[in-house]
Amino acid sequence: MTQLPGDPPGRSRVRPLPHPLTPYPELIVNFCPTGMIPTKAMTPHVPVSPGEVIEQACRALERGVAIVHLHARESDGTPTYRAEPYEEMILGIRRHYPDAIMCVSCSGRNFPEFERRSEVLELTGSARPDMASLTLTSLDFPGGTSGNAPDMVVALGEKMVERGIKPELECFDYGMIGAANLLIGRGLLGRPPYYFNLLLGSRYSVPATARHLAGMLEDLPPDSLWSAAGIGFFQLPMNTLAIAMGGHCRVGLEDNIYQGFDRSELATNQALVERLAHLSESFGRPLADSRQARQLLGLAPSPARTAAPVQAASG
Ligand code: MG
């Protein structure tokens, strides 16, 4: 607890960064292989079918990522909200990596209705997700607006908490952290530790600089973990800052499809994960495996360890 200049008397706050003499925790890598945007025409390396996602997720888990952030697609490659492909991916990954942390998308970019956005939260048994994405306010992308009205954010957050699913608090801007703090203060986002995914470098959101990242960290509540993601060629710089500053990382083709800054070579998920893992290990931070990450995030043991087997795929 630290009293900072300018804080009201008697009010102290916990600094989100560890004391320099405190060893950093193992690095939690949140792997985002697919997203909603990359198509096979943009890059043949993006996994789209459940089988492709399962295979690439297992390779990444083998290398040491802890969380897999899933987006589902239909067989023609278009994004879908339907729970069925999510179920197939979660069961397929947990068959090989039962402790893997499964994080599903509740994005409203293509499907604004609550029932559709939250359908994936209804998966049960071994297919129940551990976490789900919760974007805290509306925002603009080059392709259009992602609507997240306050009522919708509250409803999604409540459904997550009700079902024992930890929100992945996606923040593309300062105001989103403010919105998260408001909901945390009202007790609507479950129990700490809170997991913030700070996404910098999207065209109409917070720029990807050290100054902006440091500014976002100032606003995080006590008992929170943070991960930094950079959009496009900001992925590696933001990941690097997070490694050096005691945060965690998100990496994958969802955010960035190129290997280098000159955009001459298409990346693969495997190469992006390998580069990040190597960087962190060289820095002295080994990767947290899924079991260690569960402890750091305050997650229960995997549903694959505790749930009765799922009898049949849901329709
Ligand atoms: Mg996503």
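## The second largest cavity

In this predicted model, the second largest cavity is lined by Phe31, Gln56, Arg59, Ala60, Arg63, Asn269, Gln270 and Val273. The space inside comes to about 50 Å³.

Two helices, H1 (50–63) and H8 (269–283), each put at least two residues into that lining. H1 has the largest share, with four residues.

## The largest cavity

Searching the whole structure turns up two cavities of 30 Å³ or more. The largest has a volume of about 110 Å³. Its lining takes in 16 residues, and those nearest the centre are Thr80, Tyr81, Tyr86, Ser105 and Ser107. Strand E3 (72–73), strand E4 (79–80) and H3 are the elements that give two or more residues to this lining.

## A closer look at Ser107

Where does Ser107 sit in the chain? You'll find Ser107 in the loop that runs between strand E5 (101–104) and helix H3 (114–117). Ser107 is also one of the residues nearest the centre of the largest cavity.

A polar atom of the Ser107 side chain lies 3.2 Å from the backbone nitrogen of Arg109. Setting aside neighbours within four places in sequence, Ser107 is in contact with Met36, Arg117 and Ser133.

Conventions: Residues are numbered from 1 along each chain as its sequence is written. This is a predicted model: local features need pLDDT of at least 70, side-chain atom pairs count only at pLDDT 80 or more; totals for chains, interfaces and linings use all residues. Side-chain values use heavy atoms; hydrogens and water are left out. A polar contact is a pair of N or O atoms within 3.5 Å; within protein, one must be able to donate a hydrogen and the other to accept it, and residues adjacent in sequence count only if both atoms are side-chain atoms. Contact means heavy atoms within 4.5 Å. On a 1 Å grid over the protein atoms alone, a cavity is a set of points where a 1.4 Å probe fits but cannot get out, and a pocket is an open set with protein on both sides within 12 Å along at least five of seven lines; lining residues have an atom within 4 Å of a point. Grid points are joined across faces, edges and corners, and a volume is the space filled by probe spheres set on the points.
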